[in-house]
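Please read these notes with the structure open beside you, and take the points in order.

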Amino acid sequence: MTADAPNILLVMADQMAPAFLPIYDDGVARAPHMKNLARDGVAFDSAYCASPLCSPSRASFMAGLLPSRTRVYDNAAEFSADIPTFAHYLRVRGYRTILSGKMHFCGPDQLHGFEERLTTDIYPADYGWTPDWDHPDERPSWYHNMSSVAQAGVCLRTNQLDFDDEVAFASERAIYEIARAKDRRPFLLVASFTHPHDPFAVPQRYWDLYRDEDIAPPSAPVAPEALDPHSRRLRHVCAIDAEPVTEAEARAARRAYLGAIAYVDDQLGRLMTALRSSGLAENTIVVLTSDHGEMLGERGLWYKMNFFEGASRVPLVVASPGRFAPRRVPASVSLIDLMPTLVDLAGGDAATLSGSIDGRSLTPHLSGRPGHDEAIGEYLAEGAIAPMVMIRRGPFKFIHSPPDPDQLFDLAADAGERDNLAAGHAHAERVAGFRDEVARRWRLDVLDAEVRASQRRRRLVAAALTTGEVRAWDFQPFRDAGKQYIRNSMALDDLEAMARFPRVAGP
């Protein structure tokens, strides 16, 4: 590693859909810091998650592998400790690796290569949220319902605000601690927020950024008889049919969602200010993204768990003035591409990972050279009854699941994905080609059996581990009070360095 290896700040939001951001749309969203970051950086216009659900997406993003290879099939599947992540690779290269906030690791390893973790996670680390494909009609109590929409509006506090305020404070403090510490290693800091994920509730000042008349309603829902089978299952899983959403509720949810985007933008601004104030900005690459999107009523659907644009497309910006010229990248890319990209940016050679991971480095795109145009997705969690896969290439998106009719959309001509071309004669050859590719890429019957077997094992283990005394896997942050603030064990110079920043010059 060279002495001038760049620092990396990766800011991750949760369930933040590009369609509602000023980076990608000239709508009403108030997010000036995101807009400025995109203006000065490389903005990817067609980036996708590897799976439209929190844990599978995040494990894939960290490992550069699809969920079928991480085996993180859903929000209660263990992320194995022996799978290398970008945190491992950068740590080996001499980086100080720090995580603040959510990453939704399930299992006893709650670090996955991070040297420091500043907060606990907002979500549980156990197997309690394991889906059951053997009984698809049953709705466990932990499934999404429409309360987040029906109760959308103004709040004073929520557990998500408590959590994200802590994430922002811990991240900001870490930046200043790095600036005044003796440790001169470059850093990777991941600051991962839970907003604008539902429930859709924001403080008054974020609600008041918008007016009801500013809020565009969702587009007309797809007629029930025209819904694809997976959308029908999602409407059952999320209780949409049992709890119909009124126009007023939809408007309130979208208004609160926009308010939550403004909240995330404020936290990004806070961290950008800390970088500039501490003198670290010039040598820091900033990455902004989200784990998946949010349907927010489009097509009559809410939340995620599908491969329509609202749920599977994500924002992605990489900014470092002096390294990358500002540009837009129209090619389709994936969050799994970030793992090899970070290895390259840290001075490694992602080419050596070829074959061992599914992601491909974005460095050609960042430098303005031709790069790949492809994103692959898998969905293996609740709402599905068999593996679902997605191929996005050129203007086309192909979605396949063995029990369901295929879906093919031309996004250049049909951004709203209303015209399924898969059954038409005009695209029969293209559909056949995609189906052949699916057969080459996946053994879906084998994957189906593996997912079901994993679910059965985890449900049994979860029942056992919640019987009698419970030993939680949830991360417990530890700060050594003997090394904080002013202690007699510290050298006077160290105390002075930490007491005031920047230090006052001597006479």
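1. A residue is called buried when its relative accessible area is under 20%, exposed when it is over 50%, and partly exposed in between (1.4 Å probe, protein chains only). Strands (E, at least two residues) and helices (H or I, at least four) are DSSP runs, numbered from the N terminus. With these terms, strand β14 (residues 396-400) is mostly covered, since five of its five residues are buried.

2. This is a predicted model, in which local features need pLDDT of at least 70, side-chain atom pairs count only at pLDDT 80 or more, and totals for chains, interfaces and linings use all residues. Residues are numbered from 1 along each chain as its sequence is written, and side-chain values use heavy atoms, leaving out hydrogens and water.

3. In a regular strand the side chains alternate between the two faces of the sheet. In β14, Phe-396, Phe-398 and His-400 point one way, while Lys-397 and Ile-399 point the other way.

4. Strands pair if DSSP finds at least two bridges between them. Strand β13 (residues 388-393) runs antiparallel to β14, joined by five bridges, and Val-389 has His-400 as its bridge partner in β14. On pairing with strand β15 (residues 407-410), β14 is again antiparallel, over four bridges, and the bridge partner of Phe-398 in β15 is Leu-408.

5. Elsewhere, Ser-192 lies in strand β6 (residues 187-196) and is buried, because its relative accessible area is 0%. A polar contact (a pair of N or O atoms within 3.5 Å; within protein, one must be able to donate a hydrogen and the other to accept it, and residues adjacent in sequence count only if both atoms are side-chain atoms) of 3.0 Å joins the side chains of Ser-192 and Arg-58.
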